[in-house]
Amino acid sequence: MKALKIAVLAKQVPDTHNVGADAMNADGTINRAALPTVFNPEDLKALEMALQLKEEVEGSTVTVITMGPPRAAEIIRDARNRGADDGFVLSDMRFAGADTLATSYALSCAVQSLGAVDVIFCGRQAIDGDTAQVGPQVAEKLSMPQVTYAELLMEHDDKTLTIQRRLERGTEVVRVQMPALVTVTSAATDCRYPNAHRMLRYGNNEVTVHSADDIETDLSRLGLSGSPTKVKRIENVVLAHKEAEQVTPTEEGLGRLAQTLISEHIL
Amino acid sequence: MAKNNVLVYCEMSEKNTVADISLELCTKGRQLATRLGGRLQAAVLGHNLGEAVKELSPYGVDDVFVADDSRLSPYRTLPHFAVLIQLLEKEQPGIVLFGASSVGRDLAPRIASRLRCGLTADCTQLEIGDHTDAKTQTTYKDILMQIRPAFGGNIIATIVTPQTLPQMATVREGVMKKELFDPSYKSEIHKVEVAIDAGDDSAVQILSREIEEQRIDIKGAQVIVAGGYGMGSADNFKLLHDFARLIGGTVGATRAAVDAGFCEGERQIGQTGVTVRPKLYIACGISGAVQHRAGMEQSAKIISINTDPDAPINAIADYTIIGDVMTVIPQLMEAYKKHLK
């Protein structure tokens with residue numbers, strides 16, 4: 001079988017479970033420097049699916065692409081330790097403030113810089129935005145069919161991939177023609193661990209950082225200027241207090257509550 | 001003017017009826033179109049649509065665009081994309097709404113990419129308003145305010161797309177109310193010519209589908225016993241099932257509880273789950289992140305059981321019980337049994 005050129009789109013995301021008060025800039029964008037980061041969980045699952053395909057088709061390569069600040073090189077290194085051949089970071093102030101449209105444009109240009117790619121895997125969505133938009137948008141920009149919500153790569157041949165998708169209330173099995181873009185959900189297999197041998201061998205290798213000048217782009221479609229969505233207003237969540245009645249967790253207190261609910265026909 | 005029109009992309013259910021989410025969007029779309037003085041439009045793409053189209057009129061739909069073709073059912077991205085893009089380019093509505101379902105979230109971003117317009121995911125409110133750009137001082141009148149919790153639920157963001165059309169948003173099922181507008185409302189039905197390239201038709205082939213009937217009807221439940229991460233374990237979650245069974249309720253959960261594997265995803269309540277409006281909502285070990293509250297704050301009565309007196313959930317509760325769920329719930333069950341007699 002012909003070797004496949006596989007790309008994985010990944011994102012280093014703030015750990016949204018640990019958000020501090022300085023998480024937002026005054027202009028409504030995210031102050032990423034103030035947050036601990038992780039490899040976006042569904043992107044790790046996408047990497048695993050890519051690595052499985054690579055193992056099955058001899059000679060195939062997996063290249064991981066991420067966009068973010070230079071420290072996003074951490075996830076490229078991590079991906080390499082887990083089995084990816086290589087990767088690079090797209091990092092440039094001109095990418096800053098990008099919404100999903102500008103992000104997908106930049107990523108699609110980065111993918112094109114690799115030449116003809118057979119398959120792109122990415123996570124369904126990132127935990128810092130939950131939009132699930134970038135995958136389908138990259139697919140559109142590259143005129144590739146998309147398979148979203150993938151949970152299992154079942155079969156492949158020279159021209160097609162057979163994939164099981166996870167929908168709200170069931171599953172669907174589809175066969176897609178390559179080249180194609182696949183977004184992977186949390187139901188897919190967990191990614192393998194970094195390999196000690198690979199860590200020793202590649203762990204300290206440099207990670208390439210590309211600027212907007214290193215890939216072919218139309219600068220007006222990048223960053224804030226390429227982003228149609230604007231944040232008009234950010235409100236910190238202030239809770240409208242209504243008078244809550246405090247119920248003491250005693251037999252008497254709970255008894256009275258039960259009585260009230262029953263007499264008001266709520267229960 | 002076309003830019004005052006609001007178009008809803010209608011999804012078809014497994015039974016070939018218009019999906020609830022789409023009818024909810026029509027209800028919201030009707031309000032927006034009325035406010036803008038425009039028409040409410042619905043795009044229905046599928047096969048053997050006959051009766052389904054008639055369902056839409058009472059929701060105040062002015063124009064129903066019907067694309068009926070075997071290649072459009074079941075849903076596949078590229079055929080739907082091809083037909084919808086052609087329709088949008090012809091009609092040029094100012095606002096397009098999609099359900100935030102596996103279909104809407106697959107199709108809407110691809111459409112937004114082609115039209116190079118904005119798209120806001122999982123909106124919890126949609127309003128019409130004005131926006132003045134802080135830099136240029138240009139004011140944009142009557143544009144769509146796309147409101148959603150963001151960033152771990154710490155903020156509520158209002159997103160606008162002032163310079164590009166259409167303005168697009170997705171909304172989760174159950175977030176907007178489904179309400180008939182006028183039972184005798186008359187729609188104009190427009191047949192859409194279906195043009196799909198052979199390549200778009202053959203790119204993805206569906207080999208099999210296994211779609212189950214909805215098993216858990218959390219949306220329709222009158223009483224919900226919901227558990228959060230504070231329940232501690234899947235084992236402890238069993239207590240919630242006992243409690244719910246006793247009081248005739250249904251078990252719900254927060255995303256944190258679902259992610260932790262305490263309970264199945266179908267029970268998830270909140271921005272990325274289901275929105276509910278029961279008579280009684282009992283929040284057990286739930287701190288009350290804004291995404292969760294977005295899915296339950298319209299409950300008629302809310303009881304919060306939590307060890308933390310400062311948990312955000314307590315601010316919207318009618319009754320707060322400060323204590324450990326594993327102690328309080330059995331006590332409450334006993335109290336209920338006693339007073340029921």
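Chain A has six helices and 13 strands. Keep in mind that this is a predicted model, with an ipTM of 0.88 and a pTM of 0.82. For chain B, the mean pLDDT comes out at 93, and 98% of its residues reach 70 or more.

Here is chain A in numbers.

| Property of chain A | Value |
|---|---|
| Box of C-alpha atoms along the principal axes | roughly 75 × 45 × 40 Å |
| Buried share of the 267 residues | 52% |

On to how the chain contacts itself: if you take contacts in chain A with a separation of 6 or more, 71% of them come from residues 24 or more positions apart. As for charge, chain A carries 27 positive and 37 negative side chains, and the centres of these two sets sit 3 Å apart.

Now for one of those charged residues. Arg221(A) sits in the loop that runs between strand 11 (208-210) and strand 12 (230-236) of chain A. What is the nearest side chain of opposite charge to Arg221(A)? That would be Asp218(A), 5.0 Å away. Arg221(A) is buried, yet has no salt bridge; the cut-off for one is a side-chain nitrogen within 4 Å of a carboxyl oxygen.

Which residues does Arg221(A) touch, leaving aside those up to four places away in sequence? Within chain A they are Ala102(A), Tyr105(A), Lys141(A) and Gly226(A), and from chain B there is Arg116(B).

Notes:
Residues are numbered from 1 along each chain as its sequence is written. Chains are lettered from A and ligands numbered from 1 in the order in which they are written. This is a predicted model: local features need pLDDT of at least 70, side-chain atom pairs count only at pLDDT 80 or more; totals for chains, interfaces and linings use all residues. Side-chain values use heavy atoms; hydrogens and water are left out. Helices (H or I, at least four residues) and strands (E, at least two) are DSSP runs, numbered from the N terminus. Buried means under 20% relative accessible area, exposed over 50%, partly exposed in between (1.4 Å probe, protein chains only). Contact means heavy atoms within 4.5 Å. Lys and Arg count as positive and Asp and Glu as negative; His and the chain ends are not counted. The place of a charge is taken as NZ of Lys, CZ of Arg, CG of Asp or CD of Glu. pLDDT is the predictor's confidence in each residue, from 0 to 100.
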